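Please read them alongside the coordinates.

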Amino acid sequence: QQQQQQQESPHSGSNVWSCGWAADGQTGAGSTARSSTLRRVTGLANSRVVALSSRADACMAVTAAGTLYGWGNSEYGQTGLGSAVAQVVSPTLVQWEAFDSVKKEEDGSEAFVRAVPVGVASGSCVSAILSARGQIFTVGQDSDPVKRIPDPVKFVAAGADFFAAITERDALYTWGLGRSGQLGVNNLQISSQPVRVPFAAGRRVSAVACGFNHALAIVTEA
C-alpha cells in the first residue's frame with residue numbers, strides 16, 4: 001500500500017512546493033501569477049502532507065492528521081470547498097464529513113463510522129476521496145455517491161473525467177466517461193458507477209495511472 005500512495009505526491013515531510021501555470025490558483029502560492037521556479041506552498045507549512053493530487057487545475061491534499069485541503073479551480077466544487085469561490089489561490093481547510101459503512105460482526109447489521117481520508121484523486125470537475133476503510137467519496141459536479149466496490153480500495157486515480165481504483169485484492173475498477181475507451185471495459189459508454197475491468201484468471205493489478213483520456217496499468221501474473 002505504501003507503493004500505491006498517491007503517485008502525484010513524491011514528497012514527504014511538512015512542505016509542499018509548486019511551480020507553473022496558476023491562472024486558477026492551482027500552485028497554491030496566494031496569487032494567479034505563474035512561476036518558473038519551485039516555491040513553498042506556505043498554507044501547508046505546518047502540516048505533513050501524505051497524499052496530494054492535481055490532475056487538471058484543481059488540487060487536494062491529505063495531511064497525516066487526516067485533514068483535507070483544497071485549492072485551485074473550484075467552479076464545480078471539485079476542491080471540496082464548494083463553488084462560491086471559483087479560484088482558490090491558497091490551500092484551504094475542507095470541512096468534509098462523511099461516514100463509512102461497516103458491518104457489525106455480531107449480527108451483520110450495518111453501522112456508520114466517521115470516514116478518515118487517506119488519499120485523493122482530483123479530476124477536471126469531480127474529485128475522489130479515499131477513506132482509511134477503503135471506501136470512496138466524491139465532491140464536485142454531479143458527485144453522486146459512488147456505489148460501494150465489493151472489496152476495500154487501496155488506491156484511486158483520476159483522469160480528466162474518469163477514475164480508476166485498485167482494491168485490496170488487486171482488482172481494477174473504473175468509472176466515468178468512456179468515449180475514448182479509457183475505462184478498459186470493451187465499450188465506449190459512460191459508467192456512473194465502478195465496473196470491474198476484466199482480466200484473465202490469475203492476473204492482478206499492482207498500479208494504475210490515468211492520463212487525460214487514457215489509462216495504464218501494471219498487471220502481474222499470480
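1. Searching the whole structure gives 5 salt bridges, a salt bridge being a side-chain nitrogen of Lys or Arg within 4 Å of a carboxyl oxygen of Asp or Glu. The model is predicted: local features need pLDDT of at least 70, side-chain atom pairs count only at pLDDT 80 or more, and totals for chains, interfaces and linings use all residues. Residues are numbered from 1 along each chain as its sequence is written, and side-chain values use heavy atoms, with hydrogens and water left out.

2. One of the pairs is aspartate 151 with arginine 169, whose closest N and O atoms are 3.1 Å apart. Aspartate 151 sits in the loop between β11 (136–140) and β12 (153–158), and arginine 169 in the loop between β13 (162–167) and β14 (172–176), so the pair links distant parts of the chain, 18 residues apart. Strands here are DSSP runs (E, at least two residues), numbered from the N terminus. Arginine 169 counts as exposed because its relative accessibility is 58%; exposed means over 50% relative accessible area, buried under 20%, and partly exposed in between (1.4 Å probe, protein chains only).

3. Aspartate 170 pairs with lysine 154, the closest N and O atoms being 2.7 Å apart. A network of salt bridges links Lys154, Asp170 and Arg204.

4. Arginine 203 forms a salt bridge with glutamate 221, at 3.0 Å between the closest N and O atoms. Arginine 203 belongs to strand β16 (residues 203–210) and glutamate 221 to strand β17 (residues 215–221), 18 residues apart. Arginine 203 is partly exposed, at 42% relative accessibility, and glutamate 221 is exposed, at 56%.

Definitions and conventions
Helix = DSSP H or I, 4+ residues; strand = E, 2+ residues; numbered from the N terminus.
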